[in-house]
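Trainee: I would like to learn how to read helix packing, domains and a ligand shell in a model such as this one. Could you take me through them one at a time?

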Amino acid sequence: MEAVQMRSITKWFGSLCALDHVDFSVREGEIHSLLGENGAGKSTLMNVLYGMLPCDEGEVLIHGKPAQIRHPSQAIELGIGMVHQHFMLTPVMTVTENVIVGGEPVNGPFVDYRSAVRQVQEMIDRYHFGIDANTKVQNLSVGEQQRVEILKALYRGANILILDEPTAVLTPQEVQELFAVLRDLKAAGKSIIIITHKLKETAAIADRVSVLRSGKMIDSGLEASRCSVNDLALMMVGRKVDLTFTRRSQCVGQVAFEVQNLNLAVKGVPVLKNLSLKVRKGQILGIAGIEGNGQTELIEVLTGLRRPDSAVILKDGKPFSGNASDFLTAGVGHIPEDRLSRGLVTPMSIEDNVILGYHRRPRFAGKGIRRSADIRAFADEKLAEFQIKAETVQTPCSALSGGNQQKVIVARVFSEDPDILIAAQPTRGVDVGAQEFIHNRLLDLRDEGKAIVLISADLDEVRRLSDRVAVIYDGRIVAENDHDVWDEMELGLLMTGGKGGVTA
Ligand SMILES: Nc1ncnc2c1ncn2[C@@H]1O[C@H](COP(=O)(O)OP(=O)(O)OP(=O)(O)O)[C@@H](O)[C@H]1O
Ligand SMILES: [Mg+2]
C-alpha cells in the first residue's frame, strides 16, 4: 500500500518552475531516499507535502485518500512529521517538555507531567532511542537532540516521517545510531523519506530511491540495492562524477599561520584551553571534532571575529592581531560554518553577496562610487564558474536552495585568492558535483602554496583532503597526526574524548 502519492505536482516561483509535474510515491514501511542536485526541488517537494508551501497543480493522496494539505497542522493530523535541519527545541526544557508541547496530556486544568514522562519514556524504550525523558535538552549531544525531534513527530502520531539532510551535523557513530533508529521505525511500519547528499548513506539505508533533476522526476522508486554509488551520482548530475580520489603529492613550506596558547572564556566558562596549532604553506590542516567542542570560537578567533583572552597569533612568523576586516585585508579568507548568520545577507542579491566584505576594492568601487557593470560581470562569471542555480545575479539569496547559498560564499572566498584560508564546513549541504569542485579548488589553493585550516564535521572530507589531522575535544587539541594514521572509527573515538591517540 502506498503511504504517500504525489501526482503531477507543479510549483512555480515567479517564472522559475521548481517542480514540473512531479510524481512521487512512498510505500508503507519503507525508507525512501530523495536525491538530486542543489536546487533540484527536493525541499520544495517536501515542503508541499508538509503543508508549508502551496503547489500550483497536482494532487496528494495519503494512504490512498485524497488530501488537502494547506498547513503543517493538517499534515500532522494526517500522520506526517518533518524533522528540519535546524532543530527547533528549547534547550532549558526537558526531553518530555519538548516532546509534548502543543499536545500535553491534561489532568483537569493541569498538565499531567508524570504521565507524560511515562508515555515519552515508553516511546524512547520502544524505539531504542537511549535517552532519559527527564534530561534537559541542553545536556544532550547533537545526535540525541535529533532523536528528540523525531520523538516529537512520533508523539504526534506520525507514520510518515520526512528528514531533510539529517546527517549533515552527525559524527559517524551518530549516523549509525540514527540509522538503527530508522530501521526500528521501518520495522514498526512507518514510512521514512530521507534527503541526503551523502550517497554512501543512501546505499546503506534506503529501500528505494527517487531522483529529481531541475524540477523533474528523472527516476522514481528504483530499488536501492541495484544502484551503486556511481550510478546514483550519474543519475543526479547527468554526467560521470569522479568519486575516487587520487592524493596529490605535497610540497610544504614555512609555517604560515600559528596560534600559541590560546585561551578564551565565554560568560566565565573556559571554552578554549591553552590551544596551539600551526599550518604551513602548501598544507591542509584538518580539524576534526564534534560540534560544540570549541570549533566555533576557534574559527572566530582565527578570523578576527572574536578577541581571545590570551594568545599569540603569528602570520608568516610575525605577531598579528586585529578585527575581522584586518584579517581579510591581510589575506586570511573565511568560509563560515553558519551560512545564514555569518556568510550571507539573504535579502540581498547574489551580486551583492558575492562581493560582500570586498565591496570597497578598487575593482568594485571607484572614488566611493559603485562600479555596477563590473560587479555584474564579475557575478555573472562566478554564477557560471560555480554553477550557481539562479535566474539572474539580481536574485536575492533567500530564494536560493541551501546548497546554492553555500556556493555563493565559496565563490566569494576563492575569488579573493587568500594566503590563508579558514574553511569551516565548506561543502555542507552541497551536492556531489559541487563537492568535487570545491575539493579540487581547495587542493589547487594548497598546491599554490596557500595554508588551509579545514574544520569539518564530515570525516570523509577531513581524511581525504587534510595533510595533517588535529582532533579538538573540550577546547583542546587532544591529538594530531598525519592524515593516514587513524581510520574513521578511531577518529570518531578520539573526537568523543576516547583515548588511544598518539600525537606525533
Ligand atoms: N522561496 C523561494 N522563492 C524563489 N525561488 C525559490 C524559493 N524556494 C526555492 N526556490 C527555488 O526553487 C528551486 C528548488 O529549490 P529547493 O530548495 O527545493 O532545492 P533542493 O533540491 O532542496 O536543493 P539543496 O540540495 O541545495 O537543498 C531552486 O532553484 C530555488 O532557487
Ligand atoms: Mg534543500
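Mentor: Please keep in mind throughout that this is a predicted model. For a pair of helices we begin with the axes: those of helix H5 (residues 142-155) and helix H6 (residues 172-187) come within 10 Å and cross at roughly 20 degrees. Because angles under 35 degrees count as roughly parallel, H5 is roughly parallel to H6.

Trainee: Which residues of H5 and H6 make the contact?

Mentor: On the H5 side the contact is made by Val142, Gly143, Gln146, Arg147 and Ile150, and on the H6 side by Glu174, Glu177, Leu178 and Val181. Sorted by class, the residues of this contact of H5 with H6 comprise four nonpolar, two polar and three charged. The handedness of the pair can be read as well, and the crossing of H5 and H6 is right-handed.

Trainee: At what angle do the axes of H4 and H5 cross?

Mentor: The axes of helix H4 (residues 113-126) and H5 cross at roughly 110 degrees and come within 11 Å. Since 65 to 115 degrees counts as roughly perpendicular, H4 is roughly perpendicular to H5. The crossing of H4 and H5 is right-handed. Val120, Met123 and Ile124 of H4 make the contact with Leu151, Leu154 and Tyr155 of H5, and by class this contact has six nonpolar, no polar and no charged residues.

Trainee: Moving up a level, into which domains is the chain divided?

Mentor: The assignment gives domain 1 (2-237), domain 2 (251-331 + 420-504) and domain 3 (337-417). For a pair of domains one can look at the separation of centres and then at the contact: the C-alpha centres of domain 1 and domain 3 lie 32 Å apart, and the contact takes five residues from domain 1 and six residues from domain 3. On the side of domain 1 that touches domain 3, the residues divide into two nonpolar, three polar and no charged.

Trainee: Which residues come nearest to ligand 1?

Mentor: A shell is read by asking who is nearest, which elements contribute and what classes are present. Of the 20 residues around ligand 1, those that come nearest are Asn38, Ser43, Thr44, Ser401 and Gly403. Strand E2 (16-27), helix H1 (42-49) and helix H14 (402-415) are the elements that give two or more residues to this shell. By class, the shell around ligand 1 holds six nonpolar, eleven polar and three charged residues.

Trainee: From which domains does the shell around ligand 1 draw at least three residues each?

Mentor: Domain 1 (2-237) and domain 3 (337-417) each supply at least three residues to the shell around ligand 1.

Conventions: Residues numbered from 1 in each chain as written. Chains lettered and ligands numbered in written order. Predicted model: local features only at pLDDT ≥ 70, side-chain atom pairs only at ≥ 80, totals over all residues. Axes fitted to C-alpha atoms, helices over the stretch in contact; angles between N-to-C directions. Helix = DSSP H or I, 4+ residues; strand = E, 2+ residues; numbered from the N terminus. Parallel < 35°, antiparallel > 145°, perpendicular 65-115°, else oblique. Left-handed = near helix turned anticlockwise from the far one by under 90°. Contact = placed C-beta atoms within 7 Å. Nonpolar A, V, L, I, M, F, W, Y, C, P; charged D, E, K, R; others polar. Near = placed C-beta within 6 Å. Domains from an automatic or database assignment.
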